[in-house]
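Thank you for letting me take a few minutes of the meeting. Please have the sequence and the structure in view while I talk, and stop me if you lose the place.

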Amino acid sequence: MKISVVVPAYNEEAVIGRCLDALVNQIVPVDEILVVDNNSTDRTVEIAEKYRDHGVRVIHETVQGLIPARNRGFDEATGDILGRIDADTLVEPDWSQRLAEAFADPAVSAATGPSWFYDAPLHRTGLAAQRLFCHRVNRMLSGHPMLWGSNMALTKECWRELRGHACPGPDIFEDLDLAIHLHRLGRRVRYCDRLRAPVSARRIGGSLRDLHRYLRTWHRTYALHGQRRAAVGARAFKLAGLVFLFPSVSLMLRAYTPDEGRLSLRRLLSRTPEEARPIP
């Protein structure tokens, strides 16, 4: 069973190297890694090309957006299993092994797993929160399993059927869109708790406005698919998160020193607005 991994990338020079290091150092080697360059203007392609001898292939998608880049990668991948992560994902060393185990059951069409923020404090708390909000809450709202775009995979055969149903975007949660269509097609999605892939906290480390702009796509995706009750629930969870969770999370991120792995009140009080920018 051949495993391909697709990594969409747009101006990811700060993180793409670490992402590829994790992929090429798997306990069970990945057969193919495709970095889909989406019109990057920085050193993303240059860095990715250095991994060519490790099975990394750089392809280019000129239509801007995560969904066109993802589709291009899935279309060109040659594996039986098509993994998909983000450029700021650091998969665990046994990630490909866990993927193979998940798809040992021929009834499984797609698989996903949990995550946490590797550059934020309280990893166990973050893992529990991700399980709750990204998997259990969505399952409660929609009635079917969710996919986590930074940590997912599906069979090549499944993608061939799913390809014509997946929405083009751009204003949708692309992973939620895939999960909805997989359910409608009667495909089985397996949640694997040991399939773990930490990601960066940079998205939630930005401004409240940016986070709101991102999260409103959650309920819009449900509404686009005619799931009105789920859309109402997602909107409520979004508002609660912005009001109650964002302030405390933002403070922790500003006070956290990733290299030392600790929180510091002195660091929080001494940081300038320039220093408090999101983690790259």
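Let me begin with a question: which backbone oxygen does the side chain of Thr-217 reach? Before I answer, please keep in mind that what you are looking at is a predicted model. The side chain of Thr-217 reaches the backbone oxygen of Tyr-214, at 3.2 Å. Thr-217 lies in helix 8, which covers residues 208-224, and, leaving aside residues up to four places away in sequence, Thr-217 touches Asp-171, Ile-172 and Phe-173. With a relative accessible area of 8%, Thr-217 falls under the 20% cut-off, and therefore we call Thr-217 buried.

Take strand 1, residues 3-9, and strand 2, residues 32-37, which pair in the parallel sense over six bridges; if you want a place to look, Val-6 stands opposite Leu-34 in strand 2.

Next come the charged side chains. As a general point, side chains of opposite charge can pair when their charged atoms come close. In this model the count comes to 18 salt bridges, and I will go through some of them.

Arg-57 and Glu-32 meet through their side chains in a salt bridge, at 3.0 Å from N to O, and this pair links distant parts of the chain, since Arg-57 is in strand 3 and Glu-32 is in strand 2, 25 residues apart. Arg-57 is partly exposed at 28% relative accessibility, whereas Glu-32 is buried at 9%.

Arg-70 and Glu-174 also meet in a salt bridge, at 2.7 Å from N to O. Arg-70 lies in helix 3, residues 66-76, while Glu-174 lies in helix 7, residues 174-184, so the pair ties together parts that are 104 residues apart in sequence. Are these two residues, Arg-70 and Glu-174, buried or exposed? Both of them are buried.

A further salt bridge joins Arg-98 and Asp-94, whose closest N and O atoms are 3.0 Å apart; here Arg-98 is partly exposed, at 23%, and Asp-94 counts as buried, at 17%. Salt bridges can also share partners, and in this way Glu-32, Arg-57, Glu-61, Arg-72 and Glu-76 are joined into one network.

I will finish with the backbone, in the loops. The peptide bond from Gly-169 to Pro-170 is cis, with omega near 10°, and Pro-170 has its place in the loop between helix 6 and helix 7. Asn-11, in the loop between strand 1 and helix 1, has a phi near 50°, which is a positive value in a residue other than glycine. Asn-39, in the loop between strand 2 and helix 2, has a positive phi of about 70° although it is not a glycine. Asn-11 counts as partly exposed at 28% relative accessibility, and Asn-39 counts as partly exposed at 30%.

Key. Residues numbered from 1 in each chain as written. Predicted model: local features only at pLDDT ≥ 70, side-chain atom pairs only at ≥ 80, totals over all residues. Heavy atoms only, no water. Pairing = 2+ DSSP bridges. Helix = DSSP H or I, 4+ residues; strand = E, 2+ residues; numbered from the N terminus. Buried < 20%, exposed > 50% of the residue type's maximum accessible area, 1.4 Å probe, protein only. Polar contact = N/O pair within 3.5 Å; in protein donor to acceptor, adjacent residues only side chain to side chain. Contact = heavy atoms within 4.5 Å. Salt bridge = Lys/Arg side-chain N within 4 Å of Asp/Glu carboxyl O.
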